[in-house]
Amino acid sequence: MSAYTPSAKWQWLQNEQMQLDTGFAIQATPFGMHQLIAVDDTHFTLEQAQWFWSFWHTLEQLQFNEAACFAATVDALCCQQFVRQTGHKSWGFSPVSQQYQPAVAELVLLAGRVMMLAIVTNCYGASSQLLLLDSGENLQGKQLLAGQALVVLNDRLQPAQQLKPTSQRHFARSA
């Protein structure tokens, strides 16, 4: 796993989309520069390395191969650290829980037309920022893609428990 272990060589690159240069390869995220906050420091920090491992260990449960786990981890980290906070889009999803408070780096299910798997990247009290791991549709039929970030109220989420591994998951422009 040495190629996937954070090091002092890792740097964020800002091109048309945010990328991570690991010294071995450049990993593109699905996030364009218009979606991101201003990035002053492009060095990979110790805090980012800690979050990297939190996301990695959560995503490992899905039994992705190492490259897919790495890509999803980098996408989740970029989402957490650099994606602009937006208003919630909860009207497109069904309430499925009460008083649920997910934790950052927790796998959750989002209730659209079908349940979509996501990882929590930030918590904002009554809402959470997610990185979708599945593609699907919201209740109005709007197509949502894996690798997309969105904010929803926590009552639209439920914990993803006893997930069965699948090779059907797709990541937009990353894994």
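**A friendly note on this predicted model**

1. Let's start inside helix H1, which covers residues 46-60: Phe52 and Trp56 are four residues apart there, so about one helical turn separates them. Keep in mind as you look that this is a predicted model.

2. Now look at the rings of these two residues. A pair of aromatic rings is described by the distance of the centres and the angle of the planes. The structure holds twelve aromatic pairs. For Phe52 and Trp56, the ring centres are 5.9 Å apart and the planes meet at 25°; because planes under 30 degrees apart count as stacked, this pair is stacked.

3. Are Phe52 and Trp56 buried or exposed? Phe52 has a relative accessible area of 0%, so Phe52 is buried. Trp56 comes out at 1% relative accessibility and counts as buried too, because the cut-off for buried is under 20%.

4. Which residues do ring pairs link into a cluster? Phe52 and Trp56 belong to it, together with Tyr4, Trp10, Trp12, Phe44, Trp53, Phe70 and Phe82.

5. Three strands form an open sheet in the order S1-S2-S3, and their pairing is antiparallel. Strand S1 (11-14) and S3 are at the edges with a single partner strand each, which means that one side of each has no neighbour in the sheet. From one strand to the next, the twist averages 25°.

6. Strand S2, residues 17-21, pairs with S3 over four bridges in the antiparallel sense. For Gln19, the bridge partner in S3 is Ala28.

7. Strand S3 (26-32) turns up again at the largest pocket: S3 and strand S9 (149-153) are the elements that give two or more residues to its lining. How much space lies in this pocket? The value is about 480 Å³. In general, rolling a probe the size of a water molecule over the atoms shows where empty space is left.

8. What lines the largest pocket? There are 23 lining residues, and the closest to the pocket centre are Gln35, Lys142, Gln148, Ala149 and Leu150. S9 supplies the largest share of the lining, three residues. By type, the lining divides into twelve nonpolar, seven polar and four charged residues.

9. Gln63 is not a glycine, yet its phi is positive, about 60°. Gln63 sits in the loop between H1 and H2, and Gln63 counts as exposed because its relative accessibility is 60%, with the cut-off for exposed at over 50%.

10. The other one is Gln99, which has a positive phi of about 55° although it is not a glycine. You will find Gln99 in the loop between H2 and S4. With a relative accessible area of 79%, Gln99 is exposed.

11. Finally, where is Gly87? Gly87 is placed in the loop between helix H2 (66-82) and strand S4 (107-111). Its relative accessible area is 45%, so Gly87 is partly exposed. Gly87 and Pro30 are 57 residues apart along the chain, and 20 Å separates their C-alpha atoms.

Methods: Residues are numbered from 1 along each chain as its sequence is written. This is a predicted model: local features need pLDDT of at least 70, side-chain atom pairs count only at pLDDT 80 or more; totals for chains, interfaces and linings use all residues. Side-chain values use heavy atoms; hydrogens and water are left out. On a 1 Å grid over the protein atoms alone, a cavity is a set of points where a 1.4 Å probe fits but cannot get out, and a pocket is an open set with protein on both sides within 12 Å along at least five of seven lines; lining residues have an atom within 4 Å of a point. Grid points are joined across faces, edges and corners, and a volume is the space filled by probe spheres set on the points. Ala, Val, Leu, Ile, Met, Phe, Trp, Tyr, Cys and Pro count as nonpolar, Asp, Glu, Lys and Arg as charged, and the others, Gly among them, as polar. Buried means under 20% relative accessible area, exposed over 50%, partly exposed in between (1.4 Å probe, protein chains only). Rings of Phe, Tyr and Trp (its six-membered ring) pair if their centres lie within 6.5 Å; planes under 30 degrees apart count as stacked, over 60 as edge-to-face and the rest as tilted. Two strands pair if DSSP finds at least two bridges between them. Axes are lines fitted to C-alpha atoms, for helices over the stretch in contact, and angles run from 0 to 180 degrees between N-to-C directions.
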